[in-house]
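Here is a friendly note to read with the model open beside you. Take the points one at a time and find each residue on screen as you go.

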Amino acid sequence: MLTIRGLKKSFPDPAGGILPVLDIQEFIVDSGEQVVLLGKSGGGKTTLLHIIAGITRPDEGEVVLDSFSLFKLSETGRNRIRAAKIGYVFQTFNLLPAFSALENVRLGMSFGRGRHDIHRATELLRRVGLGDRLHHKPSALSVGQQQRVAVARALANKPSLLLADEPTANVDTQNQQRIIDLIRETCRDENVSLLLVTHATEIASQFNRVEHLEKLNRVLEASTSI
């Protein structure tokens, strides 16, 4: 479903050198599998998600999603694959403030197959407990409700893979477990593969498969062995 091989990424160092961020030999997520990537802040988790989503180009390596080798495609091709096959839950929600919950989810559909399926958008919002908040704008929703809208939007196009970047980082403790349960249950119901990155061990402990970025990323292995 998702296969990463020989992945390397560096960024320019402010001092004029090169700062290595990622060096991952191999990483595979099977169809329908739910995986947690556990690691400290600044360890390259978000960079890795951006590469998997085709937003950031790696220096070396291959990312294959549903038989598509992302970086052999043009930028337009990657955008199409991302819109059709990848859902992304951001820790900062990224909802449009002038749009209602329903409009935010329907807007997500326009980037994929271009179909505004109002019935699916409504059903997704009901599934995440917002059936009575369809026409509320983000400012009228709690932080936890905004993240639930973001989850519904990420699943709008029936993706093959859902990427969740610290989805509970900006959610109060009371709603953190509810967000995780919603993501996992919805992915299970829709047969969507899930890759969730977090620094929280209490979240990671709920998953059958937990990968530690410090072991997966040889850049971090090298730095911790010094």
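1. In α1, the buried residues are K45, T47, L48, L49, I51 and I52; buried means under 20% relative accessible area, exposed means over 50%, and partly exposed lies in between (1.4 Å probe, protein chains only). Helix α1 covers residues 45–52, and six of its eight residues are buried, so the rest of the structure largely encloses it. Helices (H or I, at least four residues) and strands (E, at least two) are DSSP runs, numbered from the N terminus. Just after α1 comes G54, with a positive phi of about 80 degrees.

2. **Before you go further.** Please keep in mind that this is a predicted model, where local features need pLDDT of at least 70 and side-chain atom pairs count only at pLDDT 80 or more, while totals for chains, interfaces and linings use all residues. Residues are numbered from 1 along each chain as its sequence is written, and side-chain values use heavy atoms, with hydrogens and water left out.

3. **Helix α2 and the strands around it.** Which residues of helix α2 (residues 75–85) are buried? They are G77, R78, I81, A83 and K85. The buried residues of α2 pack against β4 (60–65), β5, β6 (86–89) and β7; contact here means heavy atoms within 4.5 Å.

4. F68 sits in strand β5 (residues 68–69). It counts as partly exposed because its relative accessibility is 34%. Leaving out residues up to four places away in sequence, F68 touches V63, I81 and K85. F68 and R78 are ten residues apart along the chain, and their C-alpha atoms are separated by 9.3 Å.

5. **How α3 meets α5.** Two packed helices are described by the angle between their axes and the distance between the axes. Helix α3 (residues 101–110) packs with helix α5 (residues 143–154) at an angle of about 30 degrees, and their axes are 8 Å apart. Axes are lines fitted to C-alpha atoms, for helices over the stretch in contact, and angles run from 0 to 180 degrees between N-to-C directions. The two helices, α3 and α5, are therefore roughly parallel to each other (angles under 35 degrees count as roughly parallel, over 145 as roughly antiparallel, 65 to 115 as roughly perpendicular and the rest as oblique). On the α3 side the contact uses A101, N104, V105 and G108, and on the α5 side V149, A152 and R153. By class, this contact of α3 with α5 has four nonpolar, two polar and one charged residues. Ala, Val, Leu, Ile, Met, Phe, Trp, Tyr, Cys and Pro count as nonpolar, Asp, Glu, Lys and Arg as charged, and the others, Gly among them, as polar.

6. **How α4 meets α6.** The axes of α4 and α6 come within 11 Å and cross at roughly 135 degrees. That angle makes α4 oblique to α6. R120, L124 and R127 of α4 make the contact with L182, T186, D189 and E190 of α6. Sorted by class, the contact of α4 with α6 has two nonpolar, one polar and four charged residues.

7. **The nonpolar cores.** Which residues touch the most other members of the largest nonpolar core? Of its 38 residues, they are L125, V149, L162, L194 and L196. A nonpolar core is a set of buried Ala, Val, Leu, Ile, Met, Phe, Trp, Tyr and Cys residues joined through side-chain atoms within 4.5 Å. Elements giving two or more residues to this core include β3 (34–38), α3, α4 (118–127) and α6 (173–190). A second, separate core of 30 residues includes L37, V63, V197 and L213.

8. K158, in the loop between α5 and β7, has a positive phi of about 50 degrees although it is not a glycine. At 52% relative accessibility, K158 counts as exposed. E166 lies in the loop between β7 and α6, and its phi is near 45 degrees, a positive value in a residue other than glycine. At 6% relative accessibility, E166 counts as buried. V171 is also found in the loop between β7 and α6 and is buried, with a relative accessible area of 5%. Neighbours within four places in sequence aside, V171 is in contact with V143, G144, Q147, Q176 and I179.
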